[in-house]
Amino acid sequence: PLDDPYIQMAIAKHVATDGVWGVTRYEFSGAGSSLAWPLLVASIDRMIGVRDRTPFALNALSAILLLTLASAVLRRHLTNRPAQALTLCLVVIATPLVVLVGVGMEHTLECVVALALAIVGVRLCLATEQRERRTLLALTLTAAALAVAIRFDAAAVLVPLLVLIAITR
């Protein structure tokens with residue numbers, strides 16, 4: 001239903017086959033909403049060839065990663081198993097995960113990295129030992145860079161987290 005996935009796929013194809021970041025092999029075009037997604041798709045295209053199913057497969061894998069990460073957080077903070085299952089169902093419905101997987105863009109991977117960023121950022125705010133804070137700061141900065149590279153609007157998670165870090169430090 002969208003042309004955006006095909007724009008991202010065209011960029012990935014031309015990066016993989018022609019070494020050109022563009023929707024054609026002839027010239028650069030900054031038409032995408034992500035830096036990392038076309039590079040990820042292009043790297044797979046280089047390995048196995050250009051396939052229309054690659055974004056779908058990456059999104060399905062990202063959905064599994066999202067639910068695995070969310071489940072790990074829930075198990076740590078919520079002991080009631082039915083409540084954990086209900087919360088995971090809400091993640092599937094509220095994101096809406098099935099639609100994101102089918103669309104073929106970077107949104108599902110963005111959800112994974114945004115959740116990871118929120119987790120390490122909050123842990124950074126709660127850390128008391130200097131060594132732990134340094135490690136968590138490095139992880140937070142890495143996750144922040146990855147989040148913005150995956151999708152530019154990741155600042156919606158990053159800015160409130162920076163405010164929270166500034167307040168708690």
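Let's start with a pair of helices: H6 and helix H8 (residues 155-168) pack at an angle of about 5 degrees, with axes 9 Å apart. Axes here are lines fitted to C-alpha atoms, for helices over the stretch in contact, and angles run from 0 to 180 degrees between N-to-C directions. That angle makes H6 roughly parallel to H8; angles under 35 degrees count as roughly parallel, over 145 as roughly antiparallel, 65 to 115 as roughly perpendicular and the rest as oblique.

Who makes that contact? From H6 come Ala 114, Leu 117, Gly 121, Val 122, Leu 124 and Cys 125, and from H8 come Val 157, Leu 158, Leu 161, Leu 164, Ile 165 and Thr 168. Contact means heavy atoms within 4.5 Å. By class, these residues are 10 nonpolar, 2 polar and no charged. For the classes, Ala, Val, Leu, Ile, Met, Phe, Trp, Tyr, Cys and Pro count as nonpolar, Asp, Glu, Lys and Arg as charged, and the others, Gly among them, as polar.

A quick word on the model. It is predicted, so local features need pLDDT of at least 70 and side-chain atom pairs count only at pLDDT 80 or more, while totals for chains, interfaces and linings use all residues. Residues are numbered from 1 along each chain as its sequence is written, and side-chain values use heavy atoms, with hydrogens and water left out.

Stepping back, the protein has 8 helices and 0 strands. Helices (H or I, at least four residues) and strands (E, at least two) are DSSP runs, numbered from the N terminus. The C-alpha atoms fill a box of roughly 55 × 35 × 25 Å, taken along the principal axes.

Now to H3. Its axis and that of H6 come within 7 Å and cross at roughly 25 degrees, which means H3 is roughly parallel to H6. The crossing is left-handed, meaning that the near helix is turned anticlockwise from the far one by less than a right angle; clockwise would be right-handed. On the H3 side the contact includes Asn 59, Leu 66, Val 73 and Arg 76, and on the H6 side Thr 108, Cys 111, Ile 119 and Arg 123. This contact has 12 nonpolar, 3 polar and 2 charged residues.

H3 also meets helix H4 (residues 81-94), with axes that come within 10 Å and cross at roughly 145 degrees. Here the crossing is right-handed. Leu 66, Ala 70 and Leu 74 are among the H3 residues involved, and Thr 87 and Val 91 are among those of H4.

Where is there empty space? A probe the size of a water molecule, rolled over the atoms, shows where it is left. A pocket is an open set of points on a 1 Å grid over the protein atoms alone, where a 1.4 Å probe fits, with protein on both sides within 12 Å along at least five of seven lines; lining residues have an atom within 4 Å of a point. Points are joined across faces, edges and corners, and a volume is the space filled by probe spheres set on them.

The largest pocket holds about 220 Å³. H3 (54-77) and H6 (107-126) each supply at least two of its lining residues. Among the lining residues are Val 73, Arg 76, Ile 119 and Arg 123, and the lining has 6 nonpolar, 1 polar and 3 charged residues.

The second largest pocket holds about 190 Å³. Of its 12 lining residues, Pro 5, Tyr 6, Gly 102, Val 103 and Gly 104 lie nearest the centre. The largest share, 3 residues, comes from H1.
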